[in-house]
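I opened my notebook to look up a few features of one protein model.

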Amino acid sequence: MAWQSRFRLGMARYNTVTAQNGTARVLVTCCDSLHFFSREREAFSKLAPLEAILFDIDGTLCDSDPIHYYAFRKLLQEVGFNNGEPITEEFYSENISGSHNEEIGKILFPDWDHNKSIKFFDDKEALFRSLAKEHIKPVEGLHKLCKWVEDHGLKRAAVTNAPRANAELMISILNLSDFFQFLVIGCECERAKPFPDPYLKGLELLHVSPDNTFIFEDSASGIRAGVAAGMPVVGLATRNPEQVLKDAGASLLIKDYEDSSLWNILQELEPSIAKKLEA
């Protein structure tokens, strides 16, 4: 889809350096490589034995942000937000991505009454679900990772700020309904992300300790929630800028689930997992 391609290009982040040498002018453009922060390696080594993994959904299991962006842009323009001017990708990333609808409503519609705001978000989520059925695709390497998790007997839960209907639909489309043992919805907890409550609820349901669990997340809000819950967080740089994820506290950044940095960590954890299974 044309709107999805534009979003993907628009969200790319590049650094440009210009060097002047006499009359020669060299322009170099490069994208920062995604890499493991060696100073945080200890965060993962302390997990041994690893017992569980918690997953966000939007942007983490699937690259759904283009669909959310399209739905918000379309409906916000229809209600005359920003004098009818379409929101930009940067506005979406900074004010909407990763947040739950109640918080988004406070930002976008501070003067709206509650029922009007609820109606807008109901319409937006219905549009998202209608588009998701055709356009949701797993992040590269997701099913390879899920097989590794199952083969090693790890517990797992999905923890999201998405409405339950959205979360269940995405998990179903990705054929992961039988993979997750629990689904935690942020707005069904006392506080949603960026507070730690949803991740703490996940730990409680799985009967595991934060000392033996880590998280996959793609947003600053979700990373802050995971860090506040006491767990290392692997940040997926599917859409949000690397620096934003670093600043939120991600211990490892990966492009997708094929990233060698991730598999190096998992391989290091395998001996302790095997030892626990044998016990």
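Below are my entries, from the overall layout down to single residues.

**Ground rules**

I am working with a predicted model, where local features need pLDDT of at least 70, side-chain atom pairs count only at pLDDT 80 or more, and totals for chains, interfaces and linings use all residues. Residues are numbered from 1 along each chain as its sequence is written, and side-chain values use heavy atoms, with hydrogens and water left out.

**Overall layout**

I looked up the helices and strands. The protein has 12 helices and eight strands. Helices are DSSP runs of H or I with at least four residues, strands are runs of E with at least two, and both are numbered from the N terminus.

Next I checked burial. Of the 279 residues in the protein, 50% are buried. Buried means under 20% relative accessible area, exposed means over 50%, and partly exposed lies in between (1.4 Å probe, protein chains only).

Then I turned to contacts, meaning heavy atoms within 4.5 Å. I took the contacts between residues at least 6 apart in sequence, and 68% of them join residues at least 24 apart.

**Cysteines**

How many disulfides are there by the distance rule? I found zero. The rule asks for a pair of cysteine sulfur atoms within 2.5 Å. A disulfide is a covalent bond between the sulfur atoms of two cysteines. I also looked up C62, which is buried at 0% relative accessible area. C146 is buried too, at 4%.

**Helix α3 against helix α6**

I picked helix α3 (residues 65-78) and helix α6 (residues 114-135). Their axes come within 9 Å and cross at roughly 140°. Because of that angle, α3 is oblique to α6. Axes are lines fitted to C-alpha atoms, for helices over the stretch in contact, and angles run from 0 to 180 degrees between N-to-C directions. Angles under 35 degrees count as roughly parallel, over 145 as roughly antiparallel, 65 to 115 as roughly perpendicular, and the rest as oblique.

The crossing of α3 past α6 is right-handed. A crossing is right-handed if the near helix is turned clockwise from the far one by less than a right angle, and left-handed if anticlockwise.

Which residues make the contact? On α3 I listed I67, H68, Y70, A71, F72, K74, L75 and L76. On α6 I listed F120, F121, D123, K124, E125, L127, F128, L131, A132 and H135. The contact of α3 with α6 has 12 nonpolar, two polar and four charged residues. Ala, Val, Leu, Ile, Met, Phe, Trp, Tyr, Cys and Pro count as nonpolar, Asp, Glu, Lys and Arg as charged, and the others, Gly among them, as polar.

**Helix α5 against helix α6**

I then looked at helix α5 (residues 101-108). The axes of α5 and α6 come within 11 Å and cross at roughly 120°. That makes α5 oblique to α6. The crossing of α5 past α6 is right-handed. N101, I104 and G105 of α5 meet S117, F121 and E125 of α6. I sorted the residues of the α5 contact with α6 into two nonpolar, three polar and one charged.

**N166**

N166 sits in helix α8 (residues 164-173). Is N166 buried or exposed? I found N166 buried, at 0% relative accessible area. Leaving out residues up to four places away in sequence, N166 touches H68, E125, F128 and R129. N166 and A132 are 34 residues apart in sequence, yet their C-alpha atoms are 8.9 Å apart.

**Two cis peptide bonds**

The bond from A48 to P49 is cis, with omega near 0°. P49 lies in the loop between α2 (41-45) and β3 (52-55).

K193 and P194 are also joined by a cis bond, with omega about 20°. P194 is in the loop between β5 (182-185) and α9 (197-206). P194 is partly exposed, at 37% relative accessibility. Apart from neighbours within four places in sequence, P194 contacts S221, R224 and A225. The C-alpha atoms of P194 and A228 are separated by 8.5 Å, and the two residues are 34 apart along the chain.

**Positive phi**

N82 is not a glycine, yet its phi is positive, about 55°. N82 is in the loop between α3 and α4 (89-95). At 45% relative accessibility, N82 is partly exposed.

H207, also not a glycine, has a positive phi near 60°. H207 is in the loop between α9 and β6 (213-217). At 68% relative accessibility, H207 is exposed.
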